[in-house]
Amino acid sequence: MTDSAPATPDAAPDIRPPVTIARKDAPGPGDPGPAPGGEPVLDIRRLRVEFPIRRGFLGRTTGRVHAVTDVDLTIRAGETLGLVGESGCGKTTLGRCVVGSIRPTAGDIRYRPRSGGEPVDLATLSTRALRPFQREVRLVFQDPFSSLNPRMTLRDIIGEPLRNHGLTDDRELTRRVSEAMEMVRLPSGYLTRHPHAFSGGERQRVNIARALITRPRLVVADEAVSALDVSVRASVLNLLRDLQEELDLTYLFISHDLSVVRHVCDRVAVMYLGRIVEVADTDSLYERPRHPYTEALLSAVPRPDPRLRGTGNRIRLPDDLPDAAAPPAGCSFHTRCPYARPEVCAVPGKPPPMVTTGPGHAAACVRTDELGLAGA
Ligand SMILES: Nc1ncnc2c1ncn2[C@@H]1O[C@H](COP(=O)(O)OP(=O)(O)OP(=O)(O)O)[C@@H](O)[C@H]1O
Ligand SMILES: [Mg+2]
């Protein structure tokens, strides 16, 4: 099967406009949140993940990778929150903390279960106590080609999470798998097929069905469409959008593709070297960025209108991302920032705090009020 096979609906090229912007009323210290709307589904506070660097025969710890540092972020019911930033900035690590596959070094991940009641701190639960919540908070993997076991049928692949959560009734399993396949618009005839013959778009639908089969509330989509062709990507994005409305889902949408993020996200958080440096609703972030790193990322987004091509000034950041084991002192972006003034930006022990710069908009830059940064 190929992406152009008539059996697949993967050719629809439209990307629909974003859903309504969710809002928030009780911001945490570093996250101004969106304007009022659905209740918080997830409240991340002061989250930190450090990976030990082990060297030598005895595997002694010689340092630490600061993958996620002091992250505050709130995700409200029904919204799509984008998480963007360069490769290695900590997006996946943050996403994996949310789904419980990486345990954080410090901080809270307060999740409000679908059944209501008080939020539960996923960061402190034992592996066993975490399991029921892992049904409600699910990850869609990045790569549709390597993440599916070629020896398993679709029924076994999609049904595996239910089996892992203790479902033993075969008929019920088949019923639930068929239901999940219908949700992602895969023909029920595929139930006993193996994934090797499927197109990238179909495989990613299988991945999505696998995530949805436990009836989650929050879905972390980590580069979920990055490996797909452009037209297939649009149809999977539209599917995610439809499923969000049909199933009342909330998304954490991790991507390095700022064009896609602009189309699908209500709000966007920008991450640099483990820290969130800017959060805003999507239009505000793209039109009026308040952090120099966001401005640099936006300047590199290709312009769809040929008349505008070449009119923007692309900001070329010097060098690669600094070593996450030794982040620069003060603002960790100051070593690459075109506006940095060492006397205020490189003060050891003083990373710039997130400050509110407008409704639902915050940035971590001490010079933000002096700079007139350019949008996309
Ligand atoms: N298991 C691990 N052990 C040690 N270091 C790790 C581990 N996982 C991630 N890292 C490091 O943590 C930092 C963040 O990695 P992460 O994969 O979260 O980045 P990312 O933003 O998802 O990158 P990409 O866009 O390439 O997917 C990187 O410096 C990475 O090398
Ligand atoms: Mg990643």
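These legends describe close-up views of a predicted model.

The model is predicted, so local features need pLDDT of at least 70 and side-chain atom pairs count only at pLDDT 80 or more, while totals for chains, interfaces and linings use all residues. Residues are numbered from 1 along each chain as its sequence is written, chains are lettered from A and ligands numbered from 1 in the order in which they are written, and side-chain values use heavy atoms, with hydrogens and water left out.

**View 1. An open sheet of four strands, with antiparallel pairing.**
The strand order is E2-E1-E4-E5. Strands (E, at least two residues) and helices (H or I, at least four residues) are DSSP runs, numbered from the N terminus. Two strands pair if DSSP finds at least two bridges between them. Strand E2 (60-76) and strand E5 (120-121) stand at the edges. Each has a single partner strand, so one side of each lacks a neighbour in the sheet. Strand E4 (residues 106-111) pairs with E5 over two bridges, in the antiparallel sense. Here Tyr111 stands opposite Val120 in E5.

**View 2. Helix H1 (residues 91-98) on the four-stranded sheet.**
H1 touches strand E1 (40-55), E2 and E4. Contact means heavy atoms within 4.5 Å. The direction of H1 makes about 120° with that of E1. Axes are lines fitted to C-alpha atoms, for helices over the stretch in contact, and angles run from 0 to 180 degrees between N-to-C directions.

**View 3. Helix H3 (residues 154-164) crosses helix H5 (residues 200-212).**
Two packed helices are described by the angle between their axes and the distance between the axes. The axes of H3 and H5 come within 7 Å and cross at roughly 35°. The crossing is right-handed: the near helix is turned clockwise from the far one by less than a right angle. H3 contributes Leu154, Ile157, Ile158, Glu160 and Pro161 to the contact. H5 contributes Val206, Ala209 and Arg210. Of these residues, six are nonpolar, none is polar and two are charged. Ala, Val, Leu, Ile, Met, Phe, Trp, Tyr, Cys and Pro count as nonpolar, Asp, Glu, Lys and Arg as charged, and the others, Gly among them, as polar.

**View 4. An open sheet of eight strands, with mixed pairing.**
The order is E6-E7-E8-E3-E9-E10-E12-E11. Strand E6 (137-140) and strand E11 (355-358) are the edge strands, and each pairs on one side only. Neighbouring strands of this sheet are turned by 25° against each other on average, direction ignored. E6 and strand E7 (residues 218-222) run parallel, joined by four bridges. Leu139 has Val220 in E7 as its bridge partner.

Arg367 is buried, at 13% relative accessible area. Buried means under 20%, exposed over 50%, and partly exposed in between (1.4 Å probe, protein chains only). The side chain of Arg367 reaches the backbone oxygen of Tyr339 at 2.6 Å. Arg367 touches Tyr339, Arg341, Val344 and Cys345, not counting residues up to four places away in sequence.

**View 5. Arg46 and Arg215, each with a positive phi.**
Arg46 lies in strand E1. Its phi is about 50°, although Arg46 is not a glycine. Arg46 is partly exposed, at 47% relative accessibility. Arg215 sits in the loop between H5 and E7. Its phi is about 55°, and Arg215 is not a glycine either. Arg215 is partly exposed, with a relative accessible area of 42%.

Terms used:
A polar contact is a pair of N or O atoms within 3.5 Å; within protein, one must be able to donate a hydrogen and the other to accept it, and residues adjacent in sequence count only if both atoms are side-chain atoms.
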